[in-house]
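Colleague: Mind walking me through a helix and what packs around it? I'd like to learn how to read that sort of feature.

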Amino acid sequence: MNYDAIVVGSGAAGLISAITIAQKDENKKVLLIEQLPRLASKLKATGGGRCNLSNTLPNEQFISSFGRNSRFITNAINSFNHQDLIGFFKSIGVETHIPDGFRIFPTTHKSDTIIEALSNELIKLNIQIELNTKLSDILISNNEVVGIKTQNNIYNCKNLILATGGLGYPKLGATGEAFDIVKNLGHTITNLYPAMMPLYVKEDWVASCTADTISKVTIKVNLPKVKKLKKLKAIGDIIFTKKGIRGPVVLDFAREITPFLDEIPEVPILINLTKNMNENDIIIHIKKEVMSNPNKNILEIISSILPLSVSEALCKSIGIDPNSSYKNIDGIKKDKLHKILAWTPLNVIGHDGFNNAMITRGGISLKEIDPNTMQSKIIDGLYFVGEIVDIDGPCGGYNLQWAFSSGYLAGKLL
């Protein structure tokens with residue numbers, strides 16, 4: 001069985017790679033293999049099933065959002081940005097829209113719409129699909145790809161695109177064998193960490209505050225001696241859980257936190273729950289509330305800026321009776337109150353690992369991949385796209401756009 005190109009993995013990166021190759025030249029014989037019994041299992045779960053495809057940031061801003069490795073993605077994004085993605089989906093029958101002016105969704109807000117359209121395009125282009133087919137080895141001769149081995153067959157090819165993803169959500173196919181195979185071929189795999197997931201904290205008061213979502217929360221790490229974390233800050237919505245914190249801002253922040261939990265038992269963080277009010281702002285606000293109604297207790301005053309459950313939990317955490325009047329609280333406790341309302345301390349102590357991680361931080365070393373083609377610098381004809389490489393971005397359509405862009409870039413050059 002001989003093919004011009006084989007794509008391994010049917011996520012966003014793999015699907016668009018196969019489609020792009022076949023759209024460019026209908027005479028090329030393309031094989032797509034997937035180890036699960038259906039296509040695009042992880043794509044189906046993206047954005048809670050709503051499929052946040054991308055966002056509307058200009059290319060330069062989008063690229064810089066990837067931080068440490070942003071330079072690597074420049075060519076891929078410039079070759080296929082969010083406007084190109086919208087155009088691509090329109091060409092295969094999917095309408096998109098931007099309800100909040102930033103995030104791009106299919107108008108149905110259903111990932112099934114995206115998967116169905118991509119699947120139909122595979123069929124239309126006569127791309128061969130092999131489900132329940134697991135990659136077991138990559139065949140190399142004279143430093144060139146000549147084929148792959150699966151559990152049942154050997155397939156010959158000139159070009160191989162690996163779109164097997166990271167380690168997040170193993171039940172959706174992220175089992176990691178491709179990293180071992182690639183490592184045996186001489187590639188370097190950077191340290192792999194789970195990213196984009198809820199975090200556990202040491203403080204137990206959070207368990208009583210699970211009813212509310214707090215918007216425009218700022219989070220920062222409280223490790224002043226660690227220079228690379230000094231400027232690290234994230235803003236967004238937060239939700240308290242029985243064991244910790246979750247929400248968009250936590251998902252983003254988890255990308256930075258998880259590597260440190262391998263080195264230290266807990267990571268101290270500070271969260272501003274009061275929409276960037278500082279201690280002075282807090283004092284002024286409390287005094288105004290007291291002047292307007294001297295009979296208000298401290299719980300009533302604080303709940304004017306925070307949900308009731310959080311207000312009560314914070315008071316109790318520093319030994320203040322929520323029913324006390326402000327004037328009856330001693331000076332030391334008042335100072336503690338002002339400080340905890342301005343910056344609430346928490347200590348992150350863990351997470352669920354890769355089981356609930358939306359993405360993986362780390363992957364195949366970027367030093368060993370040509371960013372202009374996504375081809376290996378070590379083995380000719382071997383390409384890496386999507387999450388398998390050492391690229392991860394924040395929440396909000398960044399990682400899915402990267403998957404589509406890198407997959408398109410590799411596919412258009414084959």
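Colleague: Before going on, what kind of model is it?

Modeller: This is a predicted model, where local features need pLDDT of at least 70 and side-chain atom pairs count only at pLDDT 80 or more, while totals for chains, interfaces and linings use all residues. Residues are numbered from 1 along each chain as its sequence is written, and side-chain values use heavy atoms, with hydrogens and water left out.

Colleague: Which residues of H13 are buried?

Modeller: Buried means under 20% relative accessible area (1.4 Å probe, protein chains only). In H13 that covers Lys334, Leu337, His338, Ile340, Leu341 and Ala342. Across the chain, 55% of the 414 residues are buried.

Colleague: How do I judge the span of H13?

Modeller: The expected span of a helix is 1.5 Å times one less than its number of residues. H13 (residues 331-342) has 12 residues and reaches 17 Å from first C-alpha to last, close to the expected 16 Å.

Colleague: And what caps the N-terminal end of H13?

Modeller: Asp330 does, with a side-chain oxygen 3.1 Å from the backbone nitrogen of Ile332.

Colleague: How many helices and strands does the chain have?

Modeller: The chain has 14 helices and 18 strands, and its C-alpha trace spans about 85 × 45 × 35 Å along the principal axes.

Definitions and conventions
Helices (H or I, at least four residues) and strands (E, at least two) are DSSP runs, numbered from the N terminus. Buried means under 20% relative accessible area, exposed over 50%, partly exposed in between (1.4 Å probe, protein chains only). A polar contact is a pair of N or O atoms within 3.5 Å; within protein, one must be able to donate a hydrogen and the other to accept it, and residues adjacent in sequence count only if both atoms are side-chain atoms.
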